Amino acid sequence: MMKGLKKSATTLLRSSKSGGINFKAASLISELKFVPNQLLMRNNFSTSLIQQHGDHHHDHHHHDLMEDELLPTPKKTIINIKEPPIPTEVDLGAMGEQVATASSANSDPKAAERKMKRARTVNYLQKPLEQRILVLEKYFGVKPELGKPVELTKEQIVNVLNIEDHEEQRALFDYANSITESIYGSKVYFRGIIEFSNVCQKDCNYCGIRKHMQVPRYTMPKEEIIEQAIWAYENHFGSIMLQSGELNTEGRISMLVDVIREIKKRTGGGGPGEWNKGLGIALGVGELSRESYQRLYDAGAHRYLLRIETSNPELYSKLHPNDENHVWEERKKCLETLMDIGYQTGTGVMIMIPNQTVQDLADDLLFFRKIGADMIGMGPYIVQEGTPIGKIWMEQYGHMNEAEKKEYNRVLFRLALKMTALARILIPEANISATTALQAINPAGREIALSSGANMVMPIITPTKYRVNYQLYQGKPCIDDTKEECKRCLTDRVKWSNKQLILDEWGDPISYFNKRNMKVPNKE
Ligand code: 5AD
C-alpha cells in the first residue's frame, strides 16, 4: 500500500541530512481530528488529483472536509483568543458517522484509538494557546511567544516541514496565525483576478496553458477587461490583479498600458506614489523587459507577482525547456528589476513538484526572505495531463486508488500549510496569499490557510466563459462560477476563518514601506 506515496516521501527526503524527523505519509492516516464547529461539515470528502470535482460554492454549509484535517484555531485577536468550543459527546455526532461510531463502538480497536486521540486533542485544546505553542521549542531552539517571530536555520526549517505530530502541526499553524494577527490584526484583503488572456509564448513543462498545449486561445477585449475591473471597484474590492500567459509583444504591452490607465482614470486613481487612490492594480504577466515593466508601472500598476516556481536552478531547468526563454537567473533578475522600479513584488513556488525535496522547500523560504519578497503566493503542484511533468507525475502516482489519492492530497495539503506558516514566521510583514490551488486539494483549503499565516485571498473575477480555457492544472476550482459567486463564496470563507474582510482598501504589504522608511498608509 501507498507505494507511490512512499516514493514521494523518499524523494522529498532524499537530500535531507537532518535525520530524525521523517516525512512519513502513511502514518498520517486515520488520525481523528478536532474540527472547529463553524467549519464542521460532513466527513465523506473525497477528491482526486486526477478527477477533481472542484468545489461547489453553492453548497457551502455542506461542503466536505477531510475528517482528519488538523485545523488551526481561528481567533479574533491574540489577546482575546476566541477558542472554538471543545467538542462534547453531542458534538461528536455532528462530526460525522465515523466519529459517532467511534464513540459508541468500544469493541472496535480502531475506534478506541480514534477516541483516545480525540481525547488527547481535547486535552491539548484546554491549555491556553501560549502554552500549547511551547511544543515548538524543540524545533526552534527557543521558547516561542505568541505574535513574536523566531529566526530559523535551514536545518530547523527542514525539521519543521517534517513535523508529523498533529498537535505540533496545529501549534505551528496557530503560532503563525498569532504573528499574522500581531502585524495585520484579523484583516484580510481581496484581490480580484482577471485572467485576461491564455495566449502564452512560454512552454513550462507543468502548465496547462503552455505553448504546446492544445487549448483554444483567447484574449479578452480591452473594454471587457476594464468592465471586470470596474465591477471589482464597485463591489468594493481594494485591488485587482491582471493575470495572463506570457507575451512580450509591443501590442500586448501597449494594450496593458491603455487598460491600466483607463482603469485608474475611471476609478479616480493617481499615478505611482499616490498611495491608495483608485483601484490597486497588480500584474502577473511574466518576464518582460525593464522598459516594459517601467511603462506598466508608470501607467499605474503598483504590484507585480512573478513566481520563481522553485529556488533550485537545477530543478527549475527540469521543469522548463532548456532554451533562452526559460532561464532561472533571468527570472530572478526580473524580480530584482521589479523591486528596483518600485513595484511591491511578490513571488512564490509550487509545492511537491516531482523530484522536489524538503531541502528545496526550505531553500524556497530562505529565497523569499533574501530577495525581500513583499508578497508570497504558494500552492501545491497539481497534475495536468498532457504536460511533460504531468507525465512524470502520472508514472509515479497514476496508479493510486481513491484512498491513496485522498492520502496524497492530505499530505500535500499539510505540507502547503506548513510552508504558509513558515513563510509567515520567516517573512512576518509580507502579504501571504491563501491560493486557489489549496482549494483544489481541500475544499476548505483557503479558509484554513487564512488561519495559518495567510492574510490575502484572490477571488477569480474572469468572465465564466473564459475560465475553462485558463486551467493551469486539472480540477482548478470555480471553473463554472461567475464573479458574483466567487465574491460571495470567498466572503463566506473569510468569515469562517474568523477574519475580517476589509473592503475599499489596498492592503499593501507593510514590508514595502518599512524597507523604504516610508509611512505605512492607513496607519495612524
Ligand atoms: N499546478 C500548480 N500550479 C501551477 N501553476 C502552473 N501550473 C501549475 C500546476 N500544474 C502555477 C505556477 C504559475 C501560476 C500562475 O500557476 O506557479 O506561476
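D504 sits in the loop that runs between strand 11 (500–502) and helix 21 (510–515); helices (H or I, at least four residues) and strands (E, at least two) are DSSP runs, numbered from the N terminus. Although D504 is not a glycine, its phi is positive, at about 60°. N355 also has a positive phi without being a glycine, here of about 75°. The place of N355 is the loop between strand 6 (350–351) and helix 14 (358–371). N355 counts as partly exposed because its relative accessibility is 30%, where buried means under 20% relative accessible area, exposed over 50%, and partly exposed in between (1.4 Å probe, protein chains only).

This is a predicted model, in which local features need pLDDT of at least 70 and side-chain atom pairs count only at pLDDT 80 or more, while totals for chains, interfaces and linings use all residues. Residues are numbered from 1 along each chain as its sequence is written, and side-chain values use heavy atoms, with hydrogens and water left out.

The average pLDDT of the protein (the predictor's confidence in each residue, from 0 to 100) is 82, and 77% of the residues score at least 70. Over residues 1–70 the pLDDT is below 50, and this stretch has 219 contacts in the model beyond near neighbours in sequence; contact means heavy atoms within 4.5 Å. Residues 73–105 also stay under 50 in pLDDT, with 75 contacts beyond four places in sequence. Where pLDDT is low, the predicted coordinates should not be read in detail.

The protein as a whole has 21 helices and eleven strands. Of its 524 residues, 63% count as buried. Among contacts between residues at least 6 apart in sequence, 78% join residues at least 24 apart. The accessible surface (Shrake-Rupley method with a 1.4 Å probe; for residues, only the protein chains shown count as cover) comes to about 19,500 Å², and carbon and sulfur atoms account for 52% of it.

L422 belongs to helix 16 (residues 402–426) and counts as buried because its relative accessible area is 0%. Leaving out residues up to four places away in sequence, L422 touches L152, I157, V160, L161 and L365. One of these, V160, is 262 residues from L422 in sequence, with 8.3 Å between the C-alpha atoms. G453 lies in the loop between helix 18 (445–450) and strand 10 (456–457). A relative accessible area of 0% is why G453 counts as buried. Beyond four places in sequence, the residues in contact with G453 are A176, N177, T180, T420, R424 and I432.

Now the ligand. Around it are Y206, C207, R307, E309, M350, P380, Y381, I382, L472 and Y473, each with a heavy atom within 4 Å of it. This shell divides into eight nonpolar residues, no polar ones and two charged ones; Ala, Val, Leu, Ile, Met, Phe, Trp, Tyr, Cys and Pro count as nonpolar, Asp, Glu, Lys and Arg as charged, and the others, Gly among them, as polar.

An N or O atom in the side chain of E309 is 2.5 Å from an oxygen atom of the ligand. A polar side-chain atom of R307 lies 2.8 Å from an oxygen atom of the ligand. With I382 the backbone takes part: one of its polar atoms is 2.7 Å from a nitrogen atom of the ligand. Taken alone the ligand exposes 410 Å², and the protein buries 87% of that.

Key:
Polar contact = N/O pair within 3.5 Å; in protein donor to acceptor, adjacent residues only side chain to side chain.
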